[in-house]
Amino acid sequence: MSHRSRREARGVVGDITSTAAALLLTMLLGAIAIVVNASMIGRVQPSALYVLALFLPLSQLVAAVHEGLRVVCLRYIACASSTGARELIGPQVLALLSLALTLIALLALGVLAAQGWIAEVFSVPSARRAQVLAFAMEMLGASVVIGWATLLVSALFGLGHTRAATALSSLATTLNVVVAALAIKVWGMGMNGLVLAAVAGSASACAGAVALLRWRGISLQLGQTPRWLGLALRDASTSGAPVALSLLLLSVYLFAFGHMVARYGAAEIAGFGVAMRIQFFIFLPAIALGTGTALCANRSTVTSRRALRVGLVLSLITYVLLSTTLFTARSGLLELFTSDRAVADATLRYLERVAPSYLGFGPALTVLTALEQSGHAGSVLVLNATLYALEICAACWWGVGRADAQVLYMVAAGGNWLAGILALGTVALWPRVSAASALTFGALGDSREAR
């Protein structure tokens with residue numbers, strides 16, 4: 001490698017890591033409260049982990065709503081700022097807040113209508129169905145405030161108030177954890193304490209964001225909001241669709257896989273839920289590195305293939321360390337989450353078989369995130385859907401009817417390794433893959449325009 005190539009490579013590494021570090025800090029602020037609060041309730045009330053596990057698929061549906069609207073919010077603010085029409089930001093943001101409330105309300109009605117079927121799918125004992133439904137409804141109500149906080153803080157980010165937005169996120173996370181600790185350990189509220197903590201943290205972020213927006217001359221008034229509602233819904237179904245559909249796929253996967261795991265009892269699905277929360281946390285660096293790689297690849301001075309290669313290598317190094325650490329420290333880590341031996345054993349069964357495969361899926365997630373944010377969202381969506389479908393079919397074929405859930409977890413690990421192999425192939429064949437993707441989805445776009 002020439003001196004110039006080495007210098008360019010170091011520049012790419014620096015650009016990706018600096019962007020990824022800043023983004024990872026922001027993502028951790030949102031994720032750490034979920035992990036800490038789950039560990040608190042798991043230690044004090046182990047039976048709550050069962051209910052939290054059943055809520056996982058629904059939480060991803062909520063995230064699909066929030067993230068889809070967040071993309072639209074950032075787009076509105078970018079357009080308004082570039083055209084100088086800042087007076088439109090208030091009505092547009094308020095329309096998105098109203099749309100978030102409407103969509104979550106519809107989701108809650110859907111859960112109420114299908115509660116019997118959902119309980120049958122997850123084999124929920126009749127004695128616990130009322131508790132599971134009550135928690136789901138309460139968390140859906142709290143998710144309205146969480147969604148408002150997400151949109152308002154994103155508006156601050158879009159307007160360039162990065163420090164203020166980060167400070168608000170830190171405050172909300174801190175308040176969330178403090179209120180959860182008080183509600184669970186001091187006031188004895190159990191799972192209701194998680195709901196109270198989520199509302200308290202998000203409400204503080206909402207209040208701070210509204211105050212900062214008003215200080216910048218942006219007022220959330222109802223005057224022009226009704227005419228923006230239809231436009232917001234249309235834009236959410238187009239601009240926000242790729243992100244929302246990715247999370248919707250994850251929700252369907254968790255629903256199907258959770259259904260199979262739930263056949264092995266409450267402790268098994270509770271352990272699966274704990275493992276999923278750990279897993280979501282572990283994959284944050286991959287998403288951050290993927291975003292940094294995409295930003296670097298989109299610059300004219302760096303080829304996308306070089307950026308992908310550097311991002312892949314950085315992710316491989318990261319996940320060698322993370323997967324090794326998680327696998328070796330899994331027993332000690334679980335002591336933070338639960339005092340129930342059966343739940344801990346179920347979580348260990350999952351981590352012992354799946355944690356090593358993070359070395360494959362972490363880099364794959366980095367590459368997929370980079371491609372998704374570099375104009376190849378359609379290809380990534382199709383690939384994700386294919387991988388999820390293959391994994392669910394394999395789990396149904398080999399895992400159902402076994403003495404325990406270990407075969408299911410081995411199938412999940414196999415899916416992770418397969419994703420890693422596909423990521424390596426994508427980077428190795430990138431120019432041809434990119435051209436094929438552009439041709440396929442360009443043709444689809446042309447056909448839609450013709451219709």
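## Exercise 1: helix 15 and helix 17

The axes of helix 15 (residues 358–372) and helix 17 (residues 406–428) come within 7 Å and cross at roughly 45 degrees. Axes here are lines fitted to C-alpha atoms, for helices over the stretch in contact, with angles from 0 to 180 degrees between N-to-C directions. Helices are DSSP runs (H or I, at least four residues), numbered from the N terminus.

This is a predicted model, where local features need pLDDT of at least 70, side-chain atom pairs count only at pLDDT 80 or more, and totals for chains, interfaces and linings use all residues. Residues are numbered from 1 along each chain as its sequence is written, and side-chain values use heavy atoms, leaving out hydrogens and water.

Task: describe how helix 15 and helix 17 are oriented, and which classes of residue make their contact.

Solution: 
- Step 1. Helix 15 and helix 17 are oblique to each other because of their angle (under 35 degrees counts as roughly parallel, over 145 as roughly antiparallel, 65 to 115 as roughly perpendicular, and the rest as oblique).
- Step 2. Their crossing is left-handed, that is, the near helix is turned anticlockwise from the far one by less than a right angle.
- Step 3. The contact has 11 nonpolar, 4 polar and no charged residues (Ala, Val, Leu, Ile, Met, Phe, Trp, Tyr, Cys and Pro count as nonpolar, Asp, Glu, Lys and Arg as charged, and the others, Gly among them, as polar).

## Exercise 2: helix 5 and helix 7

Task: find how helix 5 and helix 7 pack.

Solution: 
- Step 1. The axes of helix 5 and helix 7 lie 8 Å apart, at an angle of about 20 degrees.
- Step 2. The two helices are therefore roughly parallel.
- Step 3. Helix 5 passes helix 7 in a left-handed crossing.
- Step 4. Their contact residues divide into 21 nonpolar, 3 polar and 1 charged.

## Exercise 3: around His-161

Task: where is His-161, and what does its side chain join?

Solution: 
- Step 1. His-161 sits in the loop between helix 5 (129–158) and helix 6 (162–186).
- Step 2. Its side chain makes a polar contact of 3.4 Å with that of Arg-216 (a pair of N or O atoms within 3.5 Å; within protein, one must be able to donate a hydrogen and the other to accept it, and residues adjacent in sequence count only if both atoms are side-chain atoms).
- Step 3. Leaving aside neighbours within four places in sequence, His-161 touches Leu-156 and Arg-216.

Note on methods:
Contact = heavy atoms within 4.5 Å.
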